[in-house]
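Here is a brief report on selected features of one predicted model. Keep the sequence and the structure in view while reading.

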Amino acid sequence: MPLTREAILHHPVTRLILGLALTLGIGLPAIYGAQQLLAFTSLPQSEKEPIAGTVLAIVICTVYILLYRRYENRTVTELSPRHLPRYLTGGILVGAGLASTIVFIQYLTHVLTINGIRSFLPLLPNLWNTFVNSIVAEVLIIGIFFRLIEIWLGSYLALLIMAVVFFCLHISAPGATPIIAFAVSMHAALLLGPVYIYTRSLWAPIAIHFAWDFSFAALYGASINDHTMDNSLLNTASGGSDLLTGGYFGPQGSVQAAALCLLTGLIFLRLSRRYNKILPPSFRKPR
């Protein structure tokens, strides 16, 4: 295809850059404004964060839908509420199930110990906060970055690129090793990516991301990127090799997490192949 002005304007990379620029360019001032307004209220910080996060999620989704509905001249089905209950339920079951399995394996192998149980009620504000944060993350990462790279280079190359990007982002973290960085990238690239390919909905990866983070941090008291919750449901402690504990990243950086996420991702890729949902590169000539 000749590099005409029209071709450049509608190239997936152009759509990706403009999408990120507009969603973040409008979303970040929106959340900053919400935080400034909330500063004048007497609400506790635990309630301010979910409200500000909700504002950001609404703005990001609105800009995404309006932009790509007009830019790509289509209905933005990936954020359609039509299958929302099914994908949210399925995604939460997958995310919570994987996280719970990883924690259970660590418990059985004495990598993780349980020291007590707390009340669930203090976790409720964090429940919503985690959900809206997952919406923002997956709209930007899967909806804009991965989706448009996939349209351009095809499903397999898009997955590889996202895995490499996430590996590079995490390898520089304190105490990170290639194996741990690889394990973290398995969740981001080779689980959420295949789930989106199969469902063609952002609600499924959003739900998995939400259930994954909430289960580890709020339910099991595990570390996520060296941060733990003081009021998690279970009071736990971990110890042992970083390969088994995940080190700085917590259980999501463990070899158990890498294996389970890779296995689950391969299952979704196999299903995607069976139902012809794998996209070829845009430059490949049709046979």
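## Ser 185 in helix 7

Ser 185 sits in helix 7, which covers residues 178–188. The model is predicted. Ser 185 has 1% relative accessibility, so it counts as buried. Buried here means under 20% relative accessible area.

Which residues touch Ser 185, leaving aside neighbours within four places in sequence? Ala 163, Phe 166, Phe 167 and Leu 190 are in contact with Ser 185.

Helix 11 has 20 residues, 255–274. At 1.5 Å a residue, helix 11 should span 28 Å. Its end C-alpha atoms lie 29 Å apart, which agrees.

Several residues of helix 11 are buried, including Gln 256, Leu 260, Cys 261, Thr 264, Phe 268 and Ser 272. Ala 257, Ala 258, Gly 265 and Leu 269 are buried as well. The buried residues of helix 11 pack against helix 7, among other helices. Also on that list are helix 4 (84–108), helix 6 (155–171), helix 8 (192–199), helix 9 (203–219) and helix 10 (242–245).

After helix 11 comes Asn 276. The phi of Asn 276 is positive, near 55°.

## A nonpolar surface patch

Phe 104, Tyr 107, Leu 108 and Ile 114 make up a nonpolar patch on the surface. Together they have about 410 Å² of accessible area. Helix 4 gives the most to this patch, with three residues.

Tyr 107 is part of helix 4. Its relative accessibility is 41%, so Tyr 107 counts as partly exposed. That class lies between the buried limit of 20% and the exposed limit of 50%.

Terms used
Residues are numbered from 1 along each chain as its sequence is written. This is a predicted model: local features need pLDDT of at least 70, side-chain atom pairs count only at pLDDT 80 or more; totals for chains, interfaces and linings use all residues. Side-chain values use heavy atoms; hydrogens and water are left out. Helices (H or I, at least four residues) and strands (E, at least two) are DSSP runs, numbered from the N terminus. Buried means under 20% relative accessible area, exposed over 50%, partly exposed in between (1.4 Å probe, protein chains only). Contact means heavy atoms within 4.5 Å. The expected span of a helix is 1.5 Å times one less than its number of residues. Patches are made of residues with over 30% relative accessible area and no salt bridge: like charges are joined within 9 Å, nonpolar side chains (Val, Leu, Ile, Met, Phe, Trp, Tyr) within 5 Å. Accessible areas come from the Shrake-Rupley method with a 1.4 Å probe; for residues, only the protein chains shown count as cover. A salt bridge is a side-chain nitrogen of Lys or Arg within 4 Å of a carboxyl oxygen of Asp or Glu.
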